[in-house]
Amino acid sequence: MNAQELLEALSLLDENERIEAKRAQETGKSMLETICAFANEPHLGGGWLLLGVAPDEQALFPGYMVEGVVNPDQLSADLASQCANMFNQPLRVDIRTEALESKPVVVVRVPEAAPQDKPIYFKSTGLPRGAFRRIGSTDQRCTEDDLEALYASRQRESFDAGLVPDASLDDLDDAAIADYREARAEANPDAEELRWSDLDLLQALKAVRRDAAGAFKPTVAGLLLFGKTTALRRSFPMTRVDYIRVPGRDWVPHPERRFDTVELRAPLFSLLRRAQAAVLDDLPKSFGLEEGQLQRQDQPVIPLRALREVLVNALMHRSYRVHAPVQVIRYANRLEIRNPGFSLKSPDHLGEPGSMPRNPTIAAVLHETRFAETKGSGIRAIREAMERAGLVPPLFESDRGQDQFSALFFFHHFLGEEDIRWLTRFKDLHLTDEEARALVVAREAGAIDNATYRSLNKVDTLTASAALRRLRDAGLFSQQGRGSATWYQPTEKLLETEDSSSYVGGLSGKPGGLSSNPPSLSSNPPSLSSNPDPARTALLNELPGELAARVGAIGQRHPPERMRDLIVDLCTQRAWRVDELATLLQRNPESIRQSYLRPLLAQQRIAMTLPDTPTSSQQAYHSVGPAIHPSTTARP
């Protein structure tokens, strides 16, 4: 690609993982980190740097401006020298000078490193902190899990292939081994390993290995697949599945008193079946009576194929380094599955062929017993199953900061009569079918981004970008963020209805964000507890009458802007901690932080009481200056 094509791609797309624009007049750490990330990222094919171009901060919408490079020859020479000497492996990058708007710019093509050369890292820093990956349009410092994925092509031992120091062959369950044999026979009755002894079979599956003294011991995969419950509790005490039943639609302030939890711990084959059964028994059912049949057939609202695949993915790809359970949380209107360990595959490529298993030994066993889909197709199978069932597409989020992957399924049929009736409000816009689907998803999820639009409508990035901008220009979306963080939030024009009670709230923070306060769906009213919360009552008693009435009148469908105005007015009374606001407003604390406090801080409408320690448990928030909306400000 030449400089003009790179600039056009940056201007057209809301995100770009293969192109990075930098103002750089000289080589620096940021530029070299991007080069390192391009070289390391598997299956990306490298990337492009466009130097002398910077984001246009004055533009109404994100765009780029050409500044040029003062001394392109010197910059090119310095960059080539540092690429050859700064990393553990010399990187040979293609560097050339071109002109944009009569100004010199430098175009750098960074090839992907050969598998045997990865990971590329800064020699002076070493591993793991000196290595970077390209995630979306950001350069992320590698974790131990990232390094395992990069080393996989060198046949380096994965974590699940390592020995468990305090385990022995006595910790393996004969019933679990028999369970595997039965599952393998169903998948392939002629499999040769079915005729082997248990020890030979376990060796072939890398479930046992000899230790330094020559004795056979279970590996991590072996204990997780075939271990006795007592051994699993001893060696992996938090490696279980928690099925949590929450009444209503919100994570309540005092969960120890307000939800039921079933803890499941067993070898993986049994654990998968038990988790699936627990969820299926509790899911809403639909039924039908086929012609010629005398008995009705009940079907879970979430297709069995999708449910099975998401549970398998959670247990197959979770990080067993992290001592935390997989959580399956069943609300009145949705199901959330959260597992420790972010996706090693870039979120932009979820659902595409190809897999980057964190636990290749476990993954191989689950694949050959047909518990798991063929490699890399699990997310696609889930989406297709939900689409065939006519349900809202599932949302997926990979959070590197929290080291967590989440999936969210709505119990809401897609483009039903209610949705069609709602869409008639926008008939003057002559919406395409793809745009109509995007509006419904944005209304339900509270946000949408380029990747979600592409997945929803099976279009390319440029088509998705053009459609989202058209809906933005029509006043239905407001554009948030920049680069891969770009997303679109529904405006009040989209969300307001003739009956204000039918407003639908949304997820907080960013598209696909799986917060603990997900959207309320109009097709399934909440079943909230009628018992008053003494803590909330005490806080309400502190407020002036008019302000207390406004707080008492809010519901789960209150528009975000009005909620922010209300929080500003509350903060004129006194400083509030996040947990106090969450209790008072009946929202999840993280939702309060992401949906309301962060935007208000950015707008400088509120401020922290402890700005030097932003993560302090005693952090509180007060308003800045007079209330923004005097007509609605509480009177003392």
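Residues are numbered from 1 along each chain as its sequence is written. Because the model is predicted, local features need pLDDT of at least 70 and side-chain atom pairs count only at pLDDT 80 or more, while totals for chains, interfaces and linings use all residues, and side-chain values use heavy atoms, with hydrogens and water left out.

The protein has 22 helices and 23 strands, where helices (H or I, at least four residues) and strands (E, at least two) are DSSP runs numbered from the N terminus. Of its 636 residues, 51% are buried; here buried means under 20% relative accessible area, exposed means over 50%, and partly exposed covers the range in between, with a 1.4 Å probe and protein chains only. Among contacts (heavy atoms within 4.5 Å) with a separation of 6 or more, 64% involve residues 24 or more positions apart.

An open sheet is formed by 4 strands in the order E1-E2-E6-E5, with mixed pairing; two strands are taken to pair if DSSP finds at least two bridges between them. Its edges are strand E1 (19-22) and strand E5 (94-100), each of which pairs on one side only. From one strand to the next the twist averages 20 degrees, with axes defined as lines fitted to C-alpha atoms, for helices over the stretch in contact, and with angles running from 0 to 180 degrees between N-to-C directions. Strands of a sheet pair through backbone hydrogen bonds, either parallel or antiparallel. Strand E2 (residues 47-51) runs antiparallel to E6 and is joined to E6 by 5 bridges; within this pairing Gly-47 stands opposite Val-110, and Leu-51 has Val-106 as its bridge partner. Helix H2 (residues 29-40) lies across E1, E2 and E6, and runs at about 160 degrees to E2.

Val-106, which belongs to strand E6 (residues 103-110), is buried, with a relative accessible area of 0%. Apart from neighbours within four places in sequence, Val-106 is in contact with Leu-49, Leu-50, Leu-51, Val-69, Pro-72, Leu-75, Ser-76, Ile-95, Arg-96 and Thr-97. Gly-52 is 54 residues from Val-106 in sequence, yet the two C-alpha atoms are 6.8 Å apart in space.

Most residues other than glycine have a negative phi, and most peptide bonds are trans. In the hairpin of E5 and E6, which has 2 residues between the strands, Glu-101 takes a positive phi near 50 degrees, although Glu-101 is not a glycine; at 58% relative accessibility this residue counts as exposed. Lys-458, likewise not a glycine, has a positive phi of about 55 degrees and lies in the loop between helix H15 (450-457) and helix H16 (461-473), where Lys-458 is exposed with a relative accessible area of 59%.

Cis peptide bonds join Lys-118 to Pro-119, with omega about 5 degrees, and Leu-127 to Pro-128, with omega about 0 degrees. Pro-119 is placed in the loop between E6 and strand E7 (132-135), and Pro-128 lies in the loop between E6 and E7 as well. Pro-119 is buried, with a relative accessible area of 1%, and touches Asn-40, Asn-88, Leu-127, Ala-131, Leu-147, Leu-150, Tyr-151 and Arg-154 when residues up to four places away in sequence are not counted. The C-alpha atoms of Pro-119 and Ala-149, residues 30 positions apart in sequence, are 9.4 Å apart in space.

A search of the whole structure finds 2 cavities of 30 Å³ or more. On a 1 Å grid over the protein atoms alone, a cavity is a set of points where a 1.4 Å probe fits but cannot get out, and lining residues have an atom within 4 Å of a point; grid points are joined across faces, edges and corners, and a volume is the space filled by probe spheres set on the points. The second largest cavity has a volume of about 50 Å³ and is lined by Leu-224, Leu-232, Thr-239, Ala-266, Leu-268, Leu-271, Leu-315 and Tyr-320. By class, this lining comprises 7 nonpolar, 1 polar and no charged residues, with Ala, Val, Leu, Ile, Met, Phe, Trp, Tyr, Cys and Pro counted as nonpolar, Asp, Glu, Lys and Arg as charged, and the others, Gly among them, as polar.

Definitions and conventions. On a 1 Å grid over the protein atoms alone, a cavity is a set of points where a 1.4 Å probe fits but cannot get out, and a pocket is an open set with protein on both sides within 12 Å along at least five of seven lines; lining residues have an atom within 4 Å of a point.
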